Amino acid sequence: MTLDYFFTVLTFSNIFIILALSLNVVMGYAGQVSLGHAAFFGIGAYTSAILATKFGWGYFPSLLMSILVGAFFGFLLGLPSLRVKHDFLVLTTIGLNFVVVAIFKHIDFFGGPYGIIGVPRPVFFGKELETGGYALYTGALAFLVILLMIYIEKIYLRYGFEAVKENEDAAESIGVSVPRFKIYAFTISGALAGLAGNLWAYQMGMVFPDDFSFPVSISILTMVVLGGVGTISGPVVGALIVTFLPEILRPIQDYRLLIYGIIIVLVMLYQPGGLLGKNGLLRSIFKR
Amino acid sequence: MLKVENVKKRFGGLIALKGVSFEVKEGEIHALIGPNGAGKTTLFNIINGFLKPTSGKVIFMDKRIDGLRPSKIASYGIARTFQIVRTFPEMTVLENVLAGLGKEIYRSSKVFYEKVKKQGRIEKAEKLLNLCGLEEYKNIYASILPLGLQRKLEIARALATRPSLLLLDEPASGLNENETKDLAELFKRIKDMGITILFIEHDMRFTMGIADIVTVLDYGEKIAEGIPEEVTKNPKVIEAYLGTESDINA
C-alpha cells in the first residue's frame, strides 16, 4: 500500500463521513427515510464540475455554489416529504435518484453518459493541492461537519427534528411546524451532500452519472444504519468501516452490494440501533 | 375565551358534528362529556387544528382559529393532550418538558442558535415536573413510564408551552383511584395558575366533582349544558347514558 493510495482512500472516507452525516440529518434526526441521497451528492458534484470546466470558476466559488445548489435542491426535493410519508416517501426518493441520474445521462449540457472530465486540482494560495494535502483538507472539512453536528445536538433545532420524528401530532401540539422542520432537515442535508459532491469532483477530476446512482445511495444508507441512526459517532464509524473494509479485504470488492445488503439485514436483525446506537455492540465496548 | 360557533364536521357520509355551539369562559374547568362516538374528540381536533370544520367557526381570544395549522394554534396559547398518549418516547421525561418549553423558539430563527439545556430552563422544567409529581423520573425515557405517569408527562409538556387554554382528552382513563385523586388535585393547581381547562372524560365521579360547567354531546349535537348538578338531572342526558344511570348518580 503506497502512501498516495492510502491518502486517496482517506479522502473517500472523509467524503463519505460527510455524506453519512448528511443523510443522518434527514433520516436519523427528522425521521424521513431517503433512499435517493446520492442524487444530492451528484447535484453538488456536477455543479462544481460544470462551473470549473465550462465557466472557469475557481475552487472556492464553486465550493460555495455546490453547497448552495445542494441546499436548494434539498429544499426542492424535500417538498414531496410534506405530502408523502413512510414507505411512499422511500419510493419517492428512490424515484428522484433515478430521475437525477437520467438527467445527467441524457442531457448534453451534463456531458451525457461520458460525464464531465478535466476538473482541475484545487489551488490554494497559488499552490496545487497534492493527494496528501487534499486528504488533509477533506479531513478538516469532515471534522467541521462533525463539529456542526455536535452544535446542532445542543440547540432547539434538534428538538424540533426529534419531535417530528417521534410523533408529528405531538410535535404540532407544542408548536413545532412539521413541514417547516422537514424542509429544514432536507435543506441542511442537501447542503452537506453538495459539499461532499464538490470534494468528490475535485478528487476525481471528473464526474460520471453512475457515480451517483441508486447503489451509491444504498452504500450511504448502509454506513448510517450500520453505525447507528440518529447518533453522530455512528455514521462516522459506519462510513470508515464501509470505505476501508473493501480496501483491506480486496476479494470482497466485487461483491460490495451483496455485502451491503447482508450488513443491512444483519444490523436490522441483531443491532437495530446500529453498532453505536442504543444497546449497540461498539457502544457497550467503549463504555467499559 | 373560546367560542365554538355552529361547527359541523362531515367525514364522507358520516356526520360527526351537526352544528355544535358552546363557549368556554376564562378561568373555568369545563367538561365535555357524551357517549362514545358523540364527536368529542372530533371537536377537540377541530379546536386545536388537526381537523378543519366542514362549516362553522372557532374563535379564541377574538381571533378566528379554525383551519389554521395546529402549531400556529399552539402559538396562540392552546395546548392539548391525547386520548392515546403521545409523549416523545425516546426523549427523557425532562427532555419532553424542555421540548414543550421551546414553543416560541420553534417559530423563530432562534431555533438555530438557542441552547436547550440552559440552567434557567432546566429549572423551569423541573418545577413543572414537580407540579405534576414526576421529579423523580426526570432522567428516565418516557417510553418506559407506566401509563398514569405518561398522562401526567403529557400534561407537564403541555403546560410547558405556557397555554391559556389546556385541552385534555380523557386524562383519567386508565388511572386507578389514587391516580385519579392526584389528577383532581393537579386540575386545581392548574386552575390556580390561571389556566382554563376544557376536558373530555368518561369517569363521571371525577368529572362531576371537578367541573365548573359541563357540556354534553350526543350523536354530534349538544344536548345539555350547565353546572354538574343540573346536567346529571337532565332527562336527555340520562337517556343518552341509558344503562349507566346509576353511575351518574353515584
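## A hairpin in chain B

In this predicted model, Phe11(B) has Leu14(B), a residue of strand E2, as its bridge partner. Phe11(B) and Leu14(B) belong to a hairpin formed by E1(B) and E2(B), which have two residues between them. In the turn you will find Gly12(B), whose phi is positive, at about 55°.

E1 covers residues 2-11 of chain B and E2 covers residues 14-24. Their pairing is antiparallel and extends over eight bridges.

## The six-stranded sheet

Chain B also has an open sheet made of six strands, and its pairing is mixed. Which strands lie at the edges? They are E6 (78-80) and E10 (221-226) of chain B, each of which pairs on one side only. On average, neighbouring strands of the sheet are turned by 20° against each other, if direction is ignored.

Let us look at one pair within this sheet. Strand E3 (residues 29-33) and strand E8 (residues 196-200) of chain B run parallel, and four bridges join them. Here Leu32(B) stands opposite Ile200(B), which is in E8(B).

## A pair of helices in chain A

Next, turn to chain A. Two packed helices are described by the angle between their axes and the distance between the axes. For helix H6 (residues 131-154) and helix H9 (residues 178-204) of chain A, the angle is about 175° and the axes are 12 Å apart. Angles over 145 degrees count as roughly antiparallel, and so H6(A) and H9(A) are roughly antiparallel to each other.

Which residues make the contact? H6(A) brings Tyr134(A), Thr138(A), Leu141(A) and Val145(A), while H9(A) brings Leu192(A), Leu195(A), Leu199(A) and Gln203(A). Sorted by class, this contact has six nonpolar residues, two polar ones and no charged ones.

## Where the chains meet

Finally, how many residues of chain A are in contact with chain B? There are 18, and they touch 30 residues of chain B. On the chain A side, the elements that give two or more residues are helix H7 (156-166) and helix H8 (168-173). H7(A) supplies the largest share, with seven residues. This side of chain A divides into eight nonpolar, five polar and five charged residues.

Notes: Residues are numbered from 1 along each chain as its sequence is written. Chains are lettered from A and ligands numbered from 1 in the order in which they are written. This is a predicted model: local features need pLDDT of at least 70, side-chain atom pairs count only at pLDDT 80 or more; totals for chains, interfaces and linings use all residues. Two strands pair if DSSP finds at least two bridges between them. Axes are lines fitted to C-alpha atoms, for helices over the stretch in contact, and angles run from 0 to 180 degrees between N-to-C directions. Two residues are in contact if their C-beta atoms, placed from the backbone, lie within 7 Å. Ala, Val, Leu, Ile, Met, Phe, Trp, Tyr, Cys and Pro count as nonpolar, Asp, Glu, Lys and Arg as charged, and the others, Gly among them, as polar. Angles under 35 degrees count as roughly parallel, over 145 as roughly antiparallel, 65 to 115 as roughly perpendicular and the rest as oblique.
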